[in-house]
Amino acid sequence: MKIEYGVTKTTAWCPGCGNPSIRRALKMALDELQIPQDQVLLSAGIGQAGKMPQYIDVNAFAGLHGRNMPVAIGMKLANHHMKVIAVGGDGDGYGEGGNHMMAAIRRNIDVAHFVHNNQIYGLTKGQASPTTAHGQIANFSYSGVRNNPVKPLALALTLGAGFVARGFSGDINQLKEIFKAAIMYKGYALVDIMQPCIVWNKVNTFKWYKDRATPLPKDYDATNWDNAFKTAQIWGDEIPTGIIYNVPTESYTDQFSFLKDKKPLVDRELNPMDAKVLMDKMR
């Protein structure tokens, strides 16, 4: 029997926002991968992107702003057979959750991290986000943003991520293929997704992204770290999209014999008296 993921008909997203296209690409990816719905879990924080689990038929956890990754890590360790996806915005992922992102990369936890990057805080009235351009006018940054923007893909590569990609909400087919590869990757996988916020960001519009989004050539070598690092920093009249870096790695759970190829922790019997030996030693 073919598996098809359901979606809600109505959302609270603004017409013209990139989120519906991202949801469509995610649904298409999950449909094509044919992973049973009870084996997929979305972990989200707060924000417009964080509403994704409410609008697609999967297991989900809605947590605090910037805290989707700790929950995703806990879920993966408890049941390492699950496909776990952490989803959020650029403020959620690179601002409040930036430290958790770095920890996840260093551990190489087997989680797909999808960051909706509209270069603004779209839910809280348009404050500058970690990816807003230096000098750009934003609410509460009336004379221009003074911080330098985060370069998430370059940061992930520097920390040792084995899978790094960038997509565009206006290229659903490419985004679908990126999602499929990220979900099936063994280890931490970052997908930075360019999308417009039609209400609060009047600079980085759909046209702005569409004019710049440039798919990587078919002969691009995604295993060359030096070239990937250079490619990850290109942000101008052309912005490369696609899988920028993809090499096999040993995931965090595979490094532990009591997790690898064993029954998930959630399915194991728990007997509190097993701790008695350790408690007796502490007396």
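Visitor: How much space lies in the largest cavity?

Guide: The model is a predicted one. About 50 Å³ of space lies in its largest cavity. The structure holds one cavity of 30 Å³ or more.

Visitor: Which elements give two or more residues to the lining of the largest cavity?

Guide: Those elements are strand 3 (83-89) and helix 6 (172-184). Strand 3 gives the most, with three residues. Among the lining residues are Lys83, Val84 and Ile85, together with Asp110, Ala182 and Tyr185.

Visitor: How do the residues of that lining divide into nonpolar, polar and charged?

Guide: Eight are nonpolar, one is polar and three are charged.

Visitor: In what order do the strands of the sheet stand?

Guide: In general, the strands of a sheet pair through backbone hydrogen bonds, in either a parallel or an antiparallel sense. Here, eight strands form an open sheet with mixed pairing, in the order 2-1-3-4-6-5-8-7. Strand 2 (59-62) and strand 7 (213-215) stand at the edges; each has a single partner strand, so one side of each lacks a neighbour in the sheet. On average, neighbouring strands of this sheet are turned by 25 degrees against each other, direction ignored.

Visitor: In which sense do strand 7 and strand 8 pair?

Guide: Strand 7 pairs with strand 8 (residues 239-246) in the parallel sense, over three bridges. Ile239 in strand 8 is the bridge partner of Ala213.

Visitor: Which strands does helix 8 touch?

Guide: Helix 8 (residues 225-232) packs on the sheet and touches strand 5 (163-168) and strand 8. The direction of helix 8 makes about 150 degrees with that of strand 8.

Note on methods
Residues numbered from 1 in each chain as written. Predicted model: local features only at pLDDT ≥ 70, side-chain atom pairs only at ≥ 80, totals over all residues. Heavy atoms only, no water. Pairing = 2+ DSSP bridges. Helix = DSSP H or I, 4+ residues; strand = E, 2+ residues; numbered from the N terminus. Axes fitted to C-alpha atoms, helices over the stretch in contact; angles between N-to-C directions. Contact = heavy atoms within 4.5 Å. 1 Å grid on protein atoms, 1.4 Å probe; cavity = no way out; pocket = protein on both sides within 12 Å on 5 of 7 lines; lining within 4 Å. Points joined across faces, edges and corners; volume = space filled by probe spheres on them. Nonpolar A, V, L, I, M, F, W, Y, C, P; charged D, E, K, R; others polar.
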